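Keep the sequence beside you as you read.

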Amino acid sequence: MDEWKRVAWSYESRFLIHHVDDRVKVCRLPGKQLLPSCTAGHTQDGDCRIMLWGTFSWDVLGPVVVVEQTMKAANYLNIIADQLHPYMAFVFSTGNGIFHQGNAPWHKARIVLE
């Protein structure tokens, strides 16, 4: 088996759900500016973003998780325990899987256990 086929990657990213600042550039034909198909609604409820965490490997897509809190080391470890460990056990049942993570600050944070 090729080495890279034994690797599982994870990635987290934020996505903008609604455009919340007032700077939108739109090109429209003259006389079309008030048509509903040429306008966009807006929201005033502040931060309209969602963060997703997911994992994948050569053969199998893993779970995608909505991160409901600010991503910090403790939250990240909970996701690893709840989502990644079962995924790795399923995909690499012989225990030969390698997990690769990026350089996000919560990947490198130190956790003090009391």
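The model is predicted: local features need pLDDT of at least 70, side-chain atom pairs count only at pLDDT 80 or more, and totals for chains, interfaces and linings use all residues. Residues are numbered from 1 along each chain as its sequence is written, and side-chain values use heavy atoms, with hydrogens and water left out.

**Strands**

Helices (H or I, at least four residues) and strands (E, at least two) are DSSP runs, numbered from the N terminus. Two strands pair if DSSP finds at least two bridges between them.

Strand 2 and strand 3 form a hairpin, with 3 residues between them.

**Core**

A nonpolar core is a set of buried Ala, Val, Leu, Ile, Met, Phe, Trp, Tyr and Cys residues joined through side-chain atoms within 4.5 Å. Buried means under 20% relative accessible area, exposed over 50%, partly exposed in between (1.4 Å probe, protein chains only). The largest core has 16 residues, and Trp53 and Met71 touch the most other members. Strand 2 (49-57), strand 3 (61-67) and helix 1 (73-91) each give two or more residues to this core. Helix 1 gives the largest share, 7 residues.

**Two residues**

Contact means heavy atoms within 4.5 Å. Leaving out residues up to four places away in sequence, Trp53 touches residues including Ser10, Pro63, Tyr76 and Leu84. Ser10 lies in strand 1. Ser10 is buried, at 8% relative accessible area. Beyond its neighbours within four places in sequence, the contacts of Ser10 include Trp53, Tyr76 and Phe99.
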